[in-house]
Amino acid sequence: MAEAPLLDTFGRLHDNLRISVTDRCNIRCFYCMPEDGVKFMPRQEILSFEEIARVARVAVSMGVRKLRLTGGEPLLRKDLPVLIEKLTAIPGVEDIALTTNAVLLSDQAADLYKAGLRRLNVHLDTLDRDRFFQITRRDDFNKVMAGIDTALSLGFGPIKINAVAVKNLVEPDIVPLARFGRERGIEIRYIEFMPLDAQGIWDKAKVLLQDDMIRLLSTAIGPLEEIPDRDPRAPASEYRFADGVGRVGFISSVSHPFCLNCNRIRLTSDGKLRYCLFAIEETDVKGLLRGNASDDEIRATIRETVTRKWIGHEINSQKFVAPPRPMYSIGG
Ligand code: SAM
Ligand code: SF4
């Protein structure tokens, strides 16, 4: 019998699974990780490729069609192309993407491409090497730029850039990044700073808001038009420049929450299912995988996780409680 679609109690259909493959990272973005003393999960707690592929296969049997690999920094996970091959081979997977800081991309891009990966989101907040260092506490700007060049030359596409929007810091970067994207056919996605940092420094006053960024872009480059036929369940509100050259998107969890259209569930690298980036609770699936559970039991756990999903996060309310894990540990 065909599986019923993965609907939550608010009628949202879930067809998108984000998979974190590691909590480790080779840089230390201040809005995600502490500068030092990070305690990573022991290797044996991390799901194997076989375990990840099994959860993905079961989720796909329930209507999941899109997969995204993330972390931590996913390119730190040894042999990642092997996982990509396993995932692309699952009948029913329509789309697989990777979110990366691109420090290791120029070395790995060819193998990733060969394994079937095409869609990339590269995390880059600035084209200024000093500010890159200030944000990431690592001097890897040139490696990231080389990674983007390699990916473009190999024919990856679409490539998008994720830029985290922190107020009183990246205002000088908003326009240069958009120009960079316009020249290369790369969409820049500005992500409002979210309360998921490891050190609890988030404050609403530190968020550079979508409307302010639109003002900066339209003043410097030209008017932006909302894209009419965009996928209503995509998290970004997308715009194109009125001159027809280039697009930008905004992931505005703070100023324009998109929870009502959410279609995503998450699998952490240590095998927990989450119905929201901001969820306080999570469901264990690793115990099932390692305890000889059947696919039906895993299916029931995925369905139960989706059924428990809340209507949305409460960032803008006094009631908001930040999740116990920071971004790198959940998988952004
Ligand atoms: N290491 C990879 C990377 O940086 O792209 C993948 C994992 S990272 C957690 C995923 C995305 O989360 C990044 O692209 C970054 O844009 C975003 N991010 C991290 N911390 C954030 C925060 N506090 N607020 C908003 N976005 C954040
Ligand atoms: Fe690493 Fe990505 Fe977090 Fe930056 S945002 S510290 S690159 S996991």
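Residues are numbered from 1 along each chain as its sequence is written, and chains are lettered from A and ligands numbered from 1 in the order in which they are written. Because the model is predicted, local features need pLDDT of at least 70 and side-chain atom pairs count only at pLDDT 80 or more, whereas totals for chains, interfaces and linings use all residues; side-chain values use heavy atoms, with hydrogens and water left out.

The shell around ligand 1 holds 18 residues, of which Tyr31, Gly72, His123, Asn162 and Met194 come nearest; a residue is near a molecule or strand if one of its heavy atoms lies within 4 Å of it. By class, this shell comprises 7 nonpolar, 9 polar and 2 charged residues. In this division Ala, Val, Leu, Ile, Met, Phe, Trp, Tyr, Cys and Pro count as nonpolar, Asp, Glu, Lys and Arg as charged, and the others, Gly among them, as polar. A polar backbone atom of Gly72 lies 3.0 Å from a nitrogen atom of ligand 1, and an N or O atom in the side chain of Glu73 lies 3.2 Å from a nitrogen atom of the ligand. An oxygen atom of ligand 1 is 3.1 Å from a polar side-chain atom of Asn162. A polar contact is a pair of N or O atoms within 3.5 Å; within protein, one must be able to donate a hydrogen and the other to accept it, and residues adjacent in sequence count only if both atoms are side-chain atoms. On its own, ligand 1 has 530 Å² of accessible area, and the protein covers 97% of this; accessible areas come from the Shrake-Rupley method with a 1.4 Å probe, and for residues only the protein chains shown count as cover. Two or more residues of the shell come from each of strand S3 (95-100), strand S5 (159-165) and strand S6 (187-192). Helices (H or I, at least four residues) and strands (E, at least two) are DSSP runs numbered from the N terminus.

Ligand 2 is surrounded by Cys25, Ile27, Cys29, Cys32, Met33, Gly72, Asn101 and His123. Its shell divides into 5 nonpolar and 3 polar residues, with no charged residues.

The structure holds 9 aromatic pairs. Rings of Phe, Tyr and Trp (its six-membered ring) pair if their centres lie within 6.5 Å; planes under 30 degrees apart count as stacked, over 60 as edge-to-face and the rest as tilted. Phe30 and Tyr31 form an edge-to-face pair, at 5.2 Å centre to centre and with 65 degrees between the planes. Phe30 is buried at 16% relative accessibility, and Tyr31 is buried at 7%; buried means under 20% relative accessible area, exposed over 50% and partly exposed in between (1.4 Å probe, protein chains only). The pair of Phe132 and Phe141 is also edge-to-face, because the ring centres are 5.8 Å apart and the planes stand at 65 degrees. Both of these phenylalanines, Phe132 and Phe141, are buried.

Ala165 belongs to strand S5 and is buried at 1% relative accessibility. Beyond four places in sequence, Ala165 is in contact (heavy atoms within 4.5 Å) with Val170, Ile191, Glu192, Phe193, Lys206, Val207, Leu208 and Met213. Glu238, in strand S8 (residues 237-241), counts as buried at 8% relative accessibility.

Asn263 occupies the loop between strand S9 (247-251) and strand S10 (264-267) and is buried, with a relative accessible area of 4%. Asn263 and Leu13 are 250 residues apart in sequence, yet their C-alpha atoms are 5.7 Å apart in space. The side chain of Asn263 makes a polar contact of 3.0 Å with the side chain of Asp15. Met41, in the loop between strand S1 (16-20) and helix H1 (49-61), is buried with a relative accessible area of 15%. Among the residues that Met41 touches are Asp23, Arg24, Ser269 and Asp270.

In helix H6 (residues 171-184), the buried residues are Asp173, Ile174, Val175, Leu177, Ala178, Phe180 and Gly181. Just after H6, Gly185 takes a positive phi of about 70 degrees.
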